Amino acid sequence: MFSLICITRCLNKVSEASKSLAALYSQALPVSNFRHVYPEFLPDPKLEFRNKLRERLERADMVARRTQINIPEFYVGSILAVTSSDRHTPGKTHRFVGICIKREGCGLRATFILRNIIDHQGVEILYDMYDPTLHKVEVLRLEKRLDAELLYLRDALPEYSTFDVNMDAELLPEGAQVPINTIRVKLKPRPWLERWERQHLKGLQDLHLPEKFYERAKELDKPWEKYDLMKEYMKTIPEEEQLEIFGEVQSKLHNLEVQRKKMKRKRVFVKPSKLA
């Protein structure tokens, strides 16, 4: 009778553990969404730069690096805080807070740019995502913007690029969708660094330019290119190959995410100490 009770209790614990494990795996990202969260795992679509062996070795190095540092999910428009070693003062670290205005590159060459206004001066830092000098990457505000790049913030009013260096992290509920910030930026008067009226940007207010600027933009526009299937094919990785690449690293990335969630729960729990 006693052995039967022990067996039933063990079975109950196993079922509870399997349910909790199934719940964790149910929160895993679908492979189709990996290209938005981990775009650097996709190789360069240019055929002259393709090398299957190098790409596989790079993916293994990227996963190994992610076991040493937590590189969270972020997008262009998210506000990050990056702590890195200061090359000018050995043994010390530097923390920079800013908005991500650009994210590019693939493999170990993936980079992102943070921008902030400090002492009325625009400051930008380009980071290598898998640089071993990075100590910590924090997402203070996870959100997206209407455009794929925010380089026009260089010509915008300072208020759109100013963030408190002591800003607290804004947490999203578990499983919530990433919000899209629909703010429209107002630019300073010309001259600008680029011809922004020619780039079909959604996150800008009316530029208040003379009509001749918009006419010239229409002359240089190439609306037929979005129907050029061959050009689009040459600029992207086929979906079948994407599924193969992310299927290779999905289990490793998910296991890292599960371990971090467990460690986070352990940090939240504080074991009570015995009273003297």
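## Burial and surface

In this predicted model, buried residues account for 32% of the 276 residues in the protein chain. The accessible surface of the protein chain is about 19,000 Å². Carbon and sulfur atoms contribute 55% of that surface.

## Elements and contacts

The protein chain contains six helices and five strands. Read from the N terminus, the order of elements is α-α-α-β-β-β-β-β-α-α-α.

Contacts in the protein chain between residues at least 6 apart in sequence were also sorted by separation. Of these, 67% link residues at least 24 apart.

The peptide bond between Arg190 and Pro191 is cis, with omega about 10°.

His200 is in the loop between S5 and H4 as well. Its phi is positive, about 55°, although His200 is not a glycine. His200 counts as exposed because its relative accessibility is 59%, and the cut-off for exposed is over 50%.

## The loop between S3 and S4

Asp119 lies in the loop between strand S3 (111-118) and strand S4 (121-128). Phi of Asp119 is near 55°, a positive value in a residue other than glycine. With a relative accessibility of 70%, Asp119 is therefore classed as exposed.

Notes:
Residues are numbered from 1 along each chain as its sequence is written. This is a predicted model: local features need pLDDT of at least 70, side-chain atom pairs count only at pLDDT 80 or more; totals for chains, interfaces and linings use all residues. Side-chain values use heavy atoms; hydrogens and water are left out. Helices (H or I, at least four residues) and strands (E, at least two) are DSSP runs, numbered from the N terminus. Buried means under 20% relative accessible area, exposed over 50%, partly exposed in between (1.4 Å probe, protein chains only). Contact means heavy atoms within 4.5 Å. Accessible areas come from the Shrake-Rupley method with a 1.4 Å probe; for residues, only the protein chains shown count as cover.
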